[in-house]
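Biologist: I have a new model open and would like to learn how to read it. Could you walk me through a few features?

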Amino acid sequence: MSLRRPMPSSSAVCYLALTLYSPLLTRAQTTILGFTPSAAAHETEIENKFKTIPSPDEERRQHHIFTAEPHVAGSARNNELARYIADEWRNEGLEDVIIRRYDVYGSNPKSTFLEMTAPVHYRAGLRELPVPGDPDMKNKSISSAWSGMSASGEVTAPLVYAHSGNPEDYELLRQQGIDVKGKVVLVRYSNPYSYRGFKALTAEREGAAAILIYSDPAEDGYKKGQVDPKGPWGPEYHIQRGAITYDFMVPGDPLTPGWASVPGAKRIPAEQAVSIPKIMALPLSWHDAKPLLAHMDGPVAPGDWQGGLPIKYHLGGERVRVHVKIEMDNSTQPYYVVEGRVRGAELPDEWIVLGNHRDAWVFGGVDPSSGTASMMELTRALGKLAKAGTRPRRTLVFCSWDGEEVGLTGSTEWGEQFADELRKKAVAYINVDEATSGPNFHGQAVASLAPMLVETTRSLKDPSGKTLYQAWKASSTRERSETKESEAVTDLNLADTRIGSGSDHTVFLNFVGMPVLGLQFDGPYGVYHSAYDDFFWMNHFGDPGYHYHTLMSQLWGVLALRLANADLLPFDFASYASNIRQFVNELAKNNSKSVILSGVAGSQSEAAAESKEPVLPCPACGSAGNSDSNFLSGVLDLKPILAAIGDFEAAGKRLDESANRALASGAIDPKLADTINHGTMQVERNWLNPDGIPGRPWFKHILYGARFTYAHLELPGLTEAVEKQDWPAAKQQAEILHQALINNTKLVDQLNSSLNGEAAEARK
Ligand SMILES: [Zn+2]
């Protein structure tokens, strides 16, 4: 899966502070973050050699292999592809290639059925019909409509239209006197993206008997533009399959929460598994939803609930009755993760992990096979270099995940199995899910790696002829103006540092505590999770020349090589600190209207108190009208946190200056570099709280989390406590954050002392 269209970040509260410190602007083009000058020159040579290897023809050939047949998680074809990857990797020269097996709670359809029984009879086809020119759409093994992790059951009940199926939609229905208890709700996929599992959970909580989720042409069909086979948008019969697993509670196999489901592992009973939904769910094309909507009675739905079909949408609840029957097979089934490496020549026990999922809802043209093709070209190129004697200093670990679409399952089980080892050895994880659905680059990174991601894009060429950096900046500027976002695009906010869930990075960031990066090219894409997302679509709309696939292989590889070969790992903690400050300021701003802020007046300027808009402190930019302003005061004092962020930022700057000095000197003692690198790797681990965030103990990162919709959620424990106005919990979460900032400041200062001490020694 992967989040459809990353949510634009909310506008910066204090971006002046972000411009004070800019490592990127002060470095000449020939340097590379984390490298001595001679190592940078050598690295550039290696990268130039590497970049010539991936080819569009090979990308296309691999893409054709992976999209030739449907290959859903657990299917014979998907397992065959696992063996194919392992064979390819061995031939390419990768080492330690192994296929790992996890026995997980299965979720496959035996049968799905939907009919309207009143006021007229209509039997839903639940099928995707062929379109002219696309031979794959005639494939007999294309599945019918189904939702992963749906409950089994049967019901005949009235149908209610509940718009996007969010809590506020049910509130509106209640105001109209419509109760959904025991009824079937019809909701639509929505924009901005809201994970269908959240729609299912909301319907379950409202007491609905089943949920039908359809694709309205207003969201991804003809209202957007030409539909397949004439354009990239979803045609009449396209069905967005997908899982409804409550993996926002705990991802992976529902029966082994927090440990790996290796064969023979302890399992909990399904009734105790919090991530298994208890509601029936079924996705629909608009072709099958239209007759239901057209016959509904009840009040006319509000204006923004009207969709793209040429009918008047009603709320329903009486006249239309539907019969839903779903039978699932929940027997245990094996999922397979393929793992292979290019062993590091100097530091084999430091790992850069790279991964992409293999399982697809049907053919997986974009999701995930564009990423899989890019990974195969990446491993071919790096294998070729290794065979020729050019090995990275650190080890590259490649993984082909299984069951991502069901509940981020393969990566979660693998991450849980190797969590202890990863916490010792892993430098970072780089995820590519959907590599390419168009030309617009989106790069995500934890804030400490955002500068190196931006820097890396300067050394790559976009198919447009510009550098990838220039193309990225241009498309980001365009997108921000479309979403009317006021924040100008700069090097410091180009990378998206707000990381939610919805793909395989989740276990590494939120459970293991590894820095993560995520890479994607996107464009108009209305066939997500449908059978139309296939080889034909890619060759006509997504990436006809396979140039973006190729660029993805190059970018992914150069990032991996820089992390693998750096003298000093290119973590930028000052950048991390300014991001955390922004998160804290936004938390205060977003909750400024709540009860707790009304008591702030005492420490606010009169104007601010009157407008109930607290003036936010911004020590670094000095722009606040009142430096003593203490938002959330009287209830929650965030001043100590802001002070600790300032200390962490200052420590980060000191370390960065020392590191730059040491790198510029041309040589760093390997033992000293080792100390510094193991120390900086520890910083991300220190953001973990072993107890997890309140109510979701599996999610241990205190800076990054996800809402139930998968949307990014910064400072998750603290934010959720503040939003609930649970002040004892909020104070506790604030203290955990405060302590983590103090610990990391201490650590970074120690590393700085080591670096300077050694330099002083050397001068003697
Ligand atoms: Zn995906």
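This is a predicted model: local features need pLDDT of at least 70, side-chain atom pairs count only at pLDDT 80 or more; totals for chains, interfaces and linings use all residues.

Biologist: Happy to. In what order do the strands of the open sheet run?

Modeller: Strands of a sheet pair through backbone hydrogen bonds, either parallel or antiparallel. Here 7 strands form an open sheet in the order β3-β2-β10-β5-β6-β7-β9, and the pairing is mixed. β3 and β9 stand at the edges with a single partner strand each, so one side of each has no neighbour in the sheet. Further in, β5 and β10 run antiparallel and are joined by 7 bridges; Glu154, for one, has Lys325 in β10 as its bridge partner.

Biologist: Now the arginine. Is Arg394 buried or exposed?

Modeller: Buried, with a relative accessible area of 0%. Arg394 lies in strand β13. Polar atoms of the Arg394 side chain lie 3.1 Å from the backbone oxygen of Ala564 and 3.0 Å from that of Ala566.

Biologist: And how many salt bridges does the structure hold?

Modeller: It holds 30. One of them pairs Arg380 with Glu377, their closest N and O atoms being 2.6 Å apart. These two are 3 residues apart in helix α9, which means that about one helical turn separates them. Arg380 is partly exposed at 24% relative accessibility, whereas Glu377 is buried at 0%.

Biologist: Which parts of the chain does the pair Arg358 and Asp402 link?

Modeller: Arg358 forms a salt bridge with Asp402, with closest N and O atoms 3.3 Å apart. The pair links distant parts of the chain: Arg358 sits in the loop between β12 and α9, and Asp402 in the loop between β13 and α10, 44 residues apart. Both Arg358 and Asp402 are buried.

How values were computed. Residues are numbered from 1 along each chain as its sequence is written. Side-chain values use heavy atoms; hydrogens and water are left out. Two strands pair if DSSP finds at least two bridges between them. Helices (H or I, at least four residues) and strands (E, at least two) are DSSP runs, numbered from the N terminus. Buried means under 20% relative accessible area, exposed over 50%, partly exposed in between (1.4 Å probe, protein chains only). A polar contact is a pair of N or O atoms within 3.5 Å; within protein, one must be able to donate a hydrogen and the other to accept it, and residues adjacent in sequence count only if both atoms are side-chain atoms. A salt bridge is a side-chain nitrogen of Lys or Arg within 4 Å of a carboxyl oxygen of Asp or Glu.
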